[in-house]
Amino acid sequence: MAELTKKEITRANRAAWNASAPLHGEGKDWEQLLENAGHPGFSVLDPFLTATLDGLDLKGKTAVQIGCNNARELISLASLGIQPEMGIDQASGFLVQARKLADAAGLDLRLLEADIYDLPSDVGQFDLALITIGVLNWMPDLPEFFRITSRLLAPGGRLVIYETHPFMEVFDPASKTPFEPAFSYFERQPQALTEAISYDGKDHGEGETGYWFIHPLGEIITACAQSGLGIAELREYGHTIREPEYDIYEKRAAQIPMSYCLVAQKAQSA
């Protein structure tokens, strides 16, 4: 494969996510989510992320979610007293769904369709930047991603990342030997993904080609620290937040790390 530019990769990933959007904006699960969004105290955040955010004294603070998808997690921040203000995603198909959920929840969100590497100058700054599963692995340039993320934070602002653990990228749950390493943890080439992007555990056939990256935890932490953010906490978990096919790696005697939560903070004087 010829070397792709960052712009070519992000453009391809945008097309892949937009092609998958219709899979997630219809059916019983979507209708239930839309109904639930209108209920007081709506939240899809699990107990681990909820506890982390609760412990950061963010009530009344403003929040942006990077790679917000349909904004269900951003909207959920309101249940913790955090003000969800902006969701950024480059897939317009998911932002259409985000607007429907925000309207159902009675929230006036700013939903920005943009390549994270090419943001407009008037985005602003926030007290919390939230990143959840399935964002970092689509990023071709981690150091630049974290520099941009740092600029989105107001002085003293917090970054919270709740992601799948990079060690999970070593395994292929669909292989005949799912408990043996199938990929190198240190692979640096983008992995071309041709199947439709889905997180319901079902095969939806071919989609637009996107590009996935294995970013080891050390590179993530280093890129975050070198962006000027201070690392406050890193917790690694043995529970899965991935697609259902990864459930086979959970609740084992010899448990592998399956997810993590990173908290970082911008200096008050920044």
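Is N69 buried or exposed? In this predicted model, N69 has a relative accessibility of 11% and therefore counts as buried, the cut-off being under 20%. The residue lies in the loop between strand 1 and helix 4, and although N69 is not a glycine, its phi is positive, at about 55°. A positive phi, near 55°, is also found at D57, likewise a residue other than glycine. D57 belongs to the loop between helix 3 (47-54) and strand 1 (62-66), and with a relative accessible area of 64% D57 is exposed, whereas N69 is buried.

Within helix 2, which spans residues 28-37, the buried residues include W30, L33 and A37. These residues cover an arc of only 60° around the axis, which means that they lie on the same side of helix 2. In general, an α-helix has 3.6 residues a turn, so residues three or four places apart point the same way. The cover over the buried residues of helix 2 includes helix 1 (6-24), helix 4 (72-76) and helix 5 (92-105).

A further loop, between strand 7 (206-212) and helix 7 (217-226), contains H215, which counts as buried at a relative accessibility of 9%. The side chain of H215 reaches two backbone oxygens, that of M139 at 2.8 Å and that of L136 at 3.4 Å. When residues up to four places away in sequence are not counted, H215 touches L136, N137, M139, L142, P166 and I220.

Conventions
Residues numbered from 1 in each chain as written. Predicted model: local features only at pLDDT ≥ 70, side-chain atom pairs only at ≥ 80, totals over all residues. Heavy atoms only, no water. Buried < 20%, exposed > 50% of the residue type's maximum accessible area, 1.4 Å probe, protein only. Helix = DSSP H or I, 4+ residues; strand = E, 2+ residues; numbered from the N terminus. Arc of directions from axis to C-beta. Contact = heavy atoms within 4.5 Å. Polar contact = N/O pair within 3.5 Å; in protein donor to acceptor, adjacent residues only side chain to side chain.
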